[in-house]
Amino acid sequence: GSVAKVHVFDATTARPVAVLTPRLRSATALAFSANGSTLAALGKGPGGLPTLATWVSPTGAWVDASPGAVRALPFSVLAFAAFGGPKDLAIGGVGDEGSPDLVFYGVSGR
């Protein structure tokens with residue numbers, strides 16, 4: 001199947017900066033770290049499983065972006081992702097057993 005591309009734009013000029021390497025079939029939520037160097041995406045990964053994918057930009061300019069980690073998640077429905085610091089990511093949704101879940105991950109980018 002096809003994959004979802006993530007396009008990054010300069011917020012000041014609205015000009016495209018980068019098209020990130022596709023990692024997901026579809027994206028549900030995106031979150032930038034507070035320092036702008038890590039992007040986390042939630043969506044459908046290989047096999048249609050709920051998946052977290054990350055990209056890293058050492059400078060935060062995104063012209064130097066590289067793929068980071070890809071990880072299947074223990075959710076049946078993904079709701080949101082939010083960084084609580086440069087490396088702390090909270091993911092919320094409906095867990096495998098049908099109850100609301102909130103999971104915290106340490107994201108190093110790789």
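**Close-up views of a predicted model**

**View 1. Strand 5 and strand 6 pair in antiparallel fashion.** Strand 5 (residues 50–56) and strand 6 run antiparallel and are joined by five bridges. The model shown here and in the other views is predicted. Within this pair, L52 has R71 of strand 6 opposite to it. Strands of a sheet pair through backbone hydrogen bonds, in either a parallel or an antiparallel way.

**View 2. Four strands make up an open sheet in the order 3-4-5-6**. The pairing in this sheet is antiparallel. The edges are taken by strand 3 (26–32) and strand 6 (66–72). Each of these has a single partner strand, so one of its sides has no neighbour in the sheet. From one strand to the next, the twist averages 20 degrees.

**View 3. L30 is a residue of strand 3**. Its relative accessible area is 48%, and L30 is therefore partly exposed, since that class lies between under 20% for buried and over 50% for exposed. In sequence, L30 and D88 are 58 residues apart. In space, the C-alpha atoms of L30 and D88 are 14 Å apart.

**View 4. S33 sits in the loop between strand 3 and strand 4 (38–44)**. Is S33 buried or exposed? S33 counts as buried because its relative accessibility is 4%. Its side chain reaches the backbone nitrogen of S37 at 3.3 Å.

**View 5. W62 lies in the loop between strand 5 and strand 6**. This residue is not a glycine, yet its phi is positive, at about 70 degrees. Most residues other than glycine have a negative phi. W62 has a relative accessible area of 5% and is therefore buried.

**View 6. A14 belongs to the loop between strand 1 (4–9) and strand 2 (16–24)**. What is the phi of A14? The angle is near 65 degrees, a positive value in a residue other than glycine. A14 is exposed because its relative accessible area is 55%, and the class begins at over 50%.

**View 7. Three strands make up an open sheet in the order 7-8-9**. The pairing in this sheet is antiparallel. Strand 7 and strand 9 (100–106) stand at the edges. Each of them has a single partner strand, so one side is left without a neighbour in the sheet. With direction ignored, neighbouring strands of this sheet are turned by 25 degrees against each other on average.

**View 8. Strand 8 (residues 88–95) and strand 9 run antiparallel**. How many bridges join strand 8 to strand 9? The two strands are joined by seven bridges. In this pair, G92 stands opposite L102 of strand 9.

**View 9. F80, L102 and F104 make a nonpolar surface patch**. The area of the patch is about 340 Å². F80 is located in strand 7 (residues 75–83), and L102 is the residue of strand 9 that stands opposite G92. F80 counts as partly exposed because its relative accessibility is 37%.

Note on methods
Residues are numbered from 1 along each chain as its sequence is written. This is a predicted model: local features need pLDDT of at least 70, side-chain atom pairs count only at pLDDT 80 or more; totals for chains, interfaces and linings use all residues. Side-chain values use heavy atoms; hydrogens and water are left out. Patches are made of residues with over 30% relative accessible area and no salt bridge: like charges are joined within 9 Å, nonpolar side chains (Val, Leu, Ile, Met, Phe, Trp, Tyr) within 5 Å. Accessible areas come from the Shrake-Rupley method with a 1.4 Å probe; for residues, only the protein chains shown count as cover. A salt bridge is a side-chain nitrogen of Lys or Arg within 4 Å of a carboxyl oxygen of Asp or Glu. Buried means under 20% relative accessible area, exposed over 50%, partly exposed in between (1.4 Å probe, protein chains only). Two strands pair if DSSP finds at least two bridges between them. Axes are lines fitted to C-alpha atoms, for helices over the stretch in contact, and angles run from 0 to 180 degrees between N-to-C directions. A polar contact is a pair of N or O atoms within 3.5 Å; within protein, one must be able to donate a hydrogen and the other to accept it, and residues adjacent in sequence count only if both atoms are side-chain atoms.
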